[in-house]
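I opened this entry to keep track of what I looked up.

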2 protein chains.
Amino acid sequence: MRSRVSLLTHGARRGIITGPRFTSIVQGLPSIVPFVAPEEIERSRGRKFAVRLGANELTFGPSPRAIEAMAAAAADVWMYGDPKSQQLRAALAVHHGVATSNIVVGEGVDGLLAYTAHLLVGPGDALVTTHGTYPTLNYFVAGRGGSLHTVPYGSDDRQDLDALLAKAWEVDAKVVYVVNPDNPSGTWHPAERIEAMIESLPPGCVALIDEAYHELGSDFDANARVAVDDLRVLRLRTFSKGYGLAGCRIGYALGSSEIMSAFDKIRNHFGVSRISQAGALAALSDQQYLQQVRTRVCEARSELEAIARAHNMTPLPSATNFVTMDCGRDGLFARLVLAELLELDIFARMPGAAPLDRCIRVSCSSASDLAIFQQALPRALDKAQARWEK
Amino acid sequence: MRSRVSLLTHGARRGIITGPRFTSIVQGLPSIVPFVAPEEIERSRGRKFAVRLGANELTFGPSPRAIEAMAAAAADVWMYGDPKSQQLRAALAVHHGVATSNIVVGEGVDGLLAYTAHLLVGPGDALVTTHGTYPTLNYFVAGRGGSLHTVPYGSDDRQDLDALLAKAWEVDAKVVYVVNPDNPSGTWHPAERIEAMIESLPPGCVALIDEAYHELGSDFDANARVAVDDLRVLRLRTFSKGYGLAGCRIGYALGSSEIMSAFDKIRNHFGVSRISQAGALAALSDQQYLQQVRTRVCEARSELEAIARAHNMTPLPSATNFVTMDCGRDGLFARLVLAELLELDIFARMPGAAPLDRCIRVSCSSASDLAIFQQALPRALDKAQARWEK
């Protein structure tokens with residue numbers, strides 16, 4: 001029984017209504033929204049996916065302990081969550097061997113990227129990133145009127161740290177953004193390369209290292225041996241990937257307490273759900289489950305690589321829960337492959353920019369999900385090939 | 001079994017490390033955080049509260065349907081939530097008799113206030129509010145370098161709409177902020193006064209109406225009869241108060257599709273938890289429960305008013321789930337009363353600024369919670385009186 005509240009009545013009485021005065025930066029922003037969700041694709045095609053392999057979600061799900069903790073927390077949700085996320089930060093501090101003051105909890109990596117842009121980017125301020133890597137920072141930098149400078153991926157499909165550094169010196173960048181392991185390529189740089197980059201940063205430039213996939217990179221050491229209180233580095237982590245809590249919107253920043261306390265000056269202190277805080281705490285405490293996840297992701301990665309090779313595609317090296325597969329042709333061909341997969345109810349994605357747009361990107365999942373993908377792939381490739389040749 | 005990840009090792013190798021270059025606005029912000037949560041008070045006193053009557057939470061809890069929906073959604077939380085909150089917005093559109101394009105969902109009223117500040121407030125831009133009303137907008141405006149102008153409450157403890165208007169014309173305000181019903185006073189303006197104010201706004205000024213307590217104002221019509229697509233008005237609603245989902249961090253803006261689409265240019269599209277989306281949808285669908293909540297809140301409000309009067313305090317009129325009680329002396333006395341209540345494990349709060357700081361603010365709750373408050377109050381008043389007279 002819903003009451004219809006009458007908001008639509010007589011409207012404006014006067015002749016001319018002046019609209020709100022948006023800031024000049026906002027007026028200059030594009031109105032096209034770059035975030036097209038799987039649900040949106042499902043709505044537009046009027047049909048659900050058979051498998052969801054496009055958003056790099058952990059289809060294996062989070063620790064059962066986390067699900068339990070969240071279900072239990074639902075009854076207490078009439079209370080606001082602790083704006084400091086103190087319990088979670090204390091557990092994270094123990095986990096990382098740092099102080100709670102080195103940690104800020106926020107609304108996923110995306111929320112923390114928005115806050116980082118707020119802290120560091122004013123109109124015209126320079127920021128350097130790789131053309132085609134995770135794009136959400138670019139969106140928030142545009143929202144601040146910042147000046148985005150990009151360099152291409154290296155020929156090895158890795159972010160080109162030397163080029164990033166050279167550009168940072170050239171434009172006096174306030175931020176160099178590195179995604180490690182990278183999305184959408186899946187590639188990574190070992191710790192010593194990141195360390196060397198940090199040592200060569202221009203003065204007053206922060207290395208913003210997006211480590212969203214950190215927990216899944218089992219076979220490399222992504223932990224650059226840099227002191228957590230080093231003012232040149234800011235790391236972002238999330239519970240969305242390895243911990244399987246994408247829908248919770250909870251992540252954290254790791255860095256010097258000086259930078260962390262700056263977040264407290266501008267962030268929405270009541271932005272994170274109380275249930276998400278409980279879920280993250282329980283997920284963190286179940287490292288045994290995370291280890292199992294790593295094993296399963298590793299197996300699925302091998303399986304996806306084998307599927308790719310069996311169809312003459314080249315899997316890029318991956319330290320994440322997805323495999324980016326080089327289709328061997330151009331961006332148009334990859335787009336056609338995706339479209340054909342979608343016809344077969346399979347949701348996958350592809351890198352948005354050249355040269356990586358010759359690839360499709362497929363998330364790790366269960367054996368049954370991958371079997372559906374495996375069966376569909378040759379058909380999608382054949383059809384795409386026929387359309388591409390026209 | 002937690003692995004200790006070594007982030008703390010050799011630190012910086014070079015001599016001088018230049019810190020991050022925060023924007024000049026951020027550098028000018030105070031480092032004192034204005035958000036002191038109940039948990040923080042509990043931690044600092046080393047003891048839990050007996051009753052939690054300070055945060056205007058709905059201690060009766062949300063609809064059981066909402067709790068069920070959230071517990072069920074926990075298992076699916078490996079998926080990101082829909083960034084458009086399409087299902088919830090469609091249900092809200094039906095509920096309000098508007099289009100989905102008139103609604104944006106965000107991380108509670110606080111999150112939506114932050115986005116509104118982002119859209120409208122640049123350095124030096126003027127905004128008008130009442131000195132001592134809900135302060136979070138001020139925090140976000142400061143974070144943008146905006147220029148905050150305040151007028152005092154009226155002598156009737158209501159926001160002074162004429163004074164707000166006069167100030168808005170004087171300073172060429174981009175935004176006039178009205179909290180209706182108001183926090184921390186509990187008072188409200190009827191629809192026709194709000195309508196009249198909107199008709200008299202200066203050109204290019206938006207009335208930002210924070211209707212967080214709307215669902216609890218059963219005995220007044222807070223719905224100004226203004227078209228939802230009127231470009232002069234932006235309303236904020238939340239699931240935190242009447243719907244009892246404070247910990248979910250989910251609310252919505254109601255307004256013209258032109259303003260709503262501007263939010264899409266700058267908001268964190270993945271800021272709201274999937275579980276919160278499910279909880280809000282279920283809570284909205286249970287209007288019968290909301291009706292019961294209204295009745296219980298109304299009863300508790302009468303009870304709190306009676307308790308206040310029995311101790312020679314004057315309850316301010318309230319259309320919310322709290323009662324603001326005039327202690328009849330000054331701000332120091334009210335602070336002492338709160339401190340003494342805290343000694344008795346009762347968490348309440350008070351308005352932060354004169355003249356309302358002569359009051360304490362007590363949230364509606366169960367009969368047993370209010371009985372504890374009733375028993376403690378005379379003792380707290382006596383002790384406060386003794387200390388105040390010194």
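I count a residue as buried when its relative accessible area is under 20%. The model I am reading is a predicted one.

Cysteines. I looked up B:C205 and found 2% relative accessibility, so I noted this residue as buried. B:C364 has 3% relative accessibility and is therefore buried by that cut-off. Which cysteine sulfur is closest to that of B:C364? I found the one in B:C298, at 8.7 Å, which is too far for a bond.

Sheet in chain B. I traced an open sheet of three strands, ordered β9-β10-β12, with antiparallel pairing. The edges are held by β9 (314–315) and β12 (359–363) of chain B; each has a single partner strand, so one side of each lacks a neighbour in the sheet. Between β10 (residues 322–326) and β12 of chain B I noted five bridges.

Chains A and B. I superposed chain A on chain B with a rotation of 180 degrees and 0.0 Å of shift along the axis, at RMSD 0.0 Å. This is how a two-fold axis relates copies. Which residue of chain A comes closest to the rotation axis? I found A:A71, whose C-alpha is at 2.1 Å. Both copies use the same surface, as 99% of the contact residues of chain A recur in chain B.

Methods:
Residues numbered from 1 in each chain as written. Chains lettered and ligands numbered in written order. Predicted model: local features only at pLDDT ≥ 70, side-chain atom pairs only at ≥ 80, totals over all residues. Heavy atoms only, no water. Buried < 20%, exposed > 50% of the residue type's maximum accessible area, 1.4 Å probe, protein only. Disulfide = S-S within 2.5 Å. Pairing = 2+ DSSP bridges. Helix = DSSP H or I, 4+ residues; strand = E, 2+ residues; numbered from the N terminus. Least-squares fit on C-alpha atoms with pLDDT ≥ 70 in both. Contact = heavy atoms within 4.5 Å.
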